[in-house]
Amino acid sequence: MHKQSSLNHRRDEEVQTPADADPYSPKAVKPKSLPKPVHYLLKEQRWLFVLVGMLIASTLFILGPNLAKRDIRKTIGGSEKFVSKGVEKSGVQKTITVHRLVAGVRRQPLRIVVTGGAGFVGSHLVDRLLERGDHVIVIDNFFTGRKENVMHHFKNPRFELIRHDVVEPILLEVDQIYHLACPASPVHYKFNPVKTIKTNVMGTLNMLGLAKRIGARFLLTSTSEVYGDPLQHPQTETYWGNVNPIGVRSCYDEGKRTAETLTMDYHRGANVEVRIARIFNTYGPRMCIDDGRVVSNFVAQALRKEPLTVYGDGKQTRSFQYVSDLVEGLIRLMESNHVGPFNLGNPGEFTMLELAEVVKETIDSNAKIEFKENTADDPHKRKPDITKAKDLLKWEPKISLREGLPLMVEDFHKRIF
Ligand SMILES: NC(=O)c1ccc[n+]([C@@H]2O[C@H](COP(=O)([O-])OP(=O)(O)OC[C@H]3O[C@@H](n4cnc5c(N)ncnc54)[C@H](O)[C@@H]3O)[C@@H](O)[C@H]2O)c1
């Protein structure tokens, strides 16, 4: 009996915990607790941490873009490398500007259509938009535009070129539309006046229709010609103009006035976000050489050693804006919250004879001047009042005629000879 109870006792012992069963197994390790103050902060002050985190994030977000704008000069063995997108281009040593955000906050690239993007102003605008990292689709029928103006972007995966006439509708998915398509010089817009007014009316309707359908922002490049032969000087945006509706220039002047009307009607009636720029005489590289515009005429004639043609008495005035100033104004307007219209031009006023003198100083001091009869409806005075653009867009032209002209002469020299 006693033997049996001692056996039971041993069995009872055998069902105890394995640790007890094996006296040499290591002790279970206790989890280490954080130091008390840290533990307290984490547990009791966690909202404080969340707030501090939010504060740091918003500070970086605000300061990011300013900190990040850095000029990165990358020159590898005398050749430049476009590291982004893996496009590599050797050749002339050049400086590229790369905008990078330190905080990792990056502006989303936009998809932008530029109609008339193979033309003079359009191609400079395309350069700027691609340079800042956007995707650009150029639509052009090459009436006055040239592939050569945008050829340097052909290898860029963010660039597309479509041969298309804006008189026909087109479907695309974009965020912004810069509508420039329209011949701008008298020689070209008078060549086929019906086509010019069709481009202004139907082309603008089609692009506004596209903007409405896809919710894109639309910018119209109108012109100082909407003021006609102005009775107010200088011209402010509130001036309604003095335009001959049946003259030889009306296809352009009245065409642009109608384009402005359509733009405002789509804005008021269909809530399309629109912008209107009234551009004054602009000059620069890539202008058509024989387009009859006074600056290109004078420069080409002086380079070819021909007399400079002055129409009328040469006392009519114009203002001349360098193309990079205009492009800056167009981009500022598109990015602003203002519909416009805005005058974009250089208020420096020159008579045709003064302009001829500047061209002579720059190219050939022996050049002769030849007077010819003036063309119909040629405005006597033209000078923008740019107070509105200065106040609301913080924009004003920076490049004077004497600074800009040599840059254009260099380009014309290469193309003429
Ligand atoms: N350059 C200036 O001094 C000036 C002044 C006032 C207004 N603007 C306006 O700025 C815009 C650009 O002018 P620019 O000087 O570059 O002229 P531009 O003639 O060099 O460019 C116009 C572009 O539009 C294209 N185009 C014309 N009709 C078209 C159509 N139906 N479909 C598709 N493409 C078409 C042409 O091929 C060309 O590439 C124009 O709308 C013009 O009215 C220019």
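Q: What should I know before I start, and how are residues numbered?
A: Residues are numbered from 1 along each chain as its sequence is written. The model is predicted, so local features need pLDDT of at least 70, side-chain atom pairs count only at pLDDT 80 or more, and totals for chains, interfaces and linings use all residues.

Q: How many helices and strands are in the protein chain?
A: Start with the rule. Helices (H or I, at least four residues) and strands (E, at least two) are DSSP runs, numbered from the N terminus. The protein chain has 13 helices and 17 strands.

Q: What share of the residues counts as buried?
A: A residue is buried if 20 or more other C-beta atoms lie within 10 Å of its own, exposed if 12 or fewer, and partly exposed in between; the C-beta atoms are placed from the backbone. Of the 417 residues of the protein chain, 34% are buried.

Q: What do contacts in the protein chain join?
A: Two residues are in contact if their C-beta atoms, placed from the backbone, lie within 7 Å. Take the contacts between residues at least 6 apart in sequence: 79% of them join residues at least 24 apart.

Q: Where is Val136, and is it buried or exposed?
A: Val136 sits in strand S6 (residues 135-140). Val136 is buried, because 27 other C-beta atoms lie within 10 Å. Leave out residues up to four places away in sequence, and Val136 touches Ile112, Val114, Val126, Leu129, Leu130, Arg158 and Phe159. Look at Val114: it is 22 residues from Val136 in sequence, and their C-alpha atoms are 7.2 Å apart in space.

Q: How do I read the packing of two helices?
A: Two packed helices are described by the angle between their axes and the distance between the axes. Axes are lines fitted to C-alpha atoms, for helices over the stretch in contact, and angles run from 0 to 180 degrees between N-to-C directions. Take helix H7 (residues 193-214) and H8: they pack at an angle of about 15°, with axes 9 Å apart.

Q: What word describes H7 and H8?
A: Angles under 35 degrees count as roughly parallel, over 145 as roughly antiparallel, 65 to 115 as roughly perpendicular and the rest as oblique. H7 and H8 are therefore roughly parallel to each other.

Q: Which residues of H7 and H8 meet?
A: Among them are Ile197, Val201 and Leu205 in H7, and Tyr252, Ala259 and Leu262 in H8. Now sort by type: Ala, Val, Leu, Ile, Met, Phe, Trp, Tyr, Cys and Pro count as nonpolar, Asp, Glu, Lys and Arg as charged, and the others, Gly among them, as polar. The residues of this contact divide into 11 nonpolar, 6 polar and 2 charged.

Q: At what angle do H9 and H11 pack?
A: Helix H9 (residues 294-303) and helix H11 (residues 352-362) pack at about 40°, with axes 10 Å apart. That makes H9 oblique to H11. On the H9 side, Val294, Phe298, Val299 and Ala302 make the contact; on the H11 side, Met352, Leu355, Ala356, Val359 and Lys360 do. By type, that contact has 8 nonpolar, no polar and 1 charged.

Q: Where on H11 are the buried residues?
A: An α-helix has 3.6 residues a turn, so residues three or four places apart point the same way. In H11, Met352, Leu355, Ala356 and Val359 are the buried residues. They cover an arc of only 100° around the axis, which puts them on the same side of H11. The arc is that of the directions from the helix axis to the C-beta atoms. These buried residues pack against H9, strand S12 (308-311), strand S16 (349-351) and strand S17 (369-372).

Q: Which peptide bonds are cis?
A: One joins His233 and Pro234, with omega about -10°. Another joins Gly340 and Pro341, with omega about 5°. Pro234 lies in the loop between strand S9 (217-223) and helix H8 (250-270). Pro341 lies in the loop between helix H10 (323-335) and strand S15 (342-344).

Q: What is phi of Arg286 and of Lys394?
A: Phi of Arg286 is near 80°, a positive value in a residue other than glycine. Arg286 is buried, with 22 other C-beta atoms within 10 Å. Phi of Lys394 is near 55°, also positive in a residue other than glycine. Lys394 counts as exposed, with 9 C-beta neighbours inside 10 Å.
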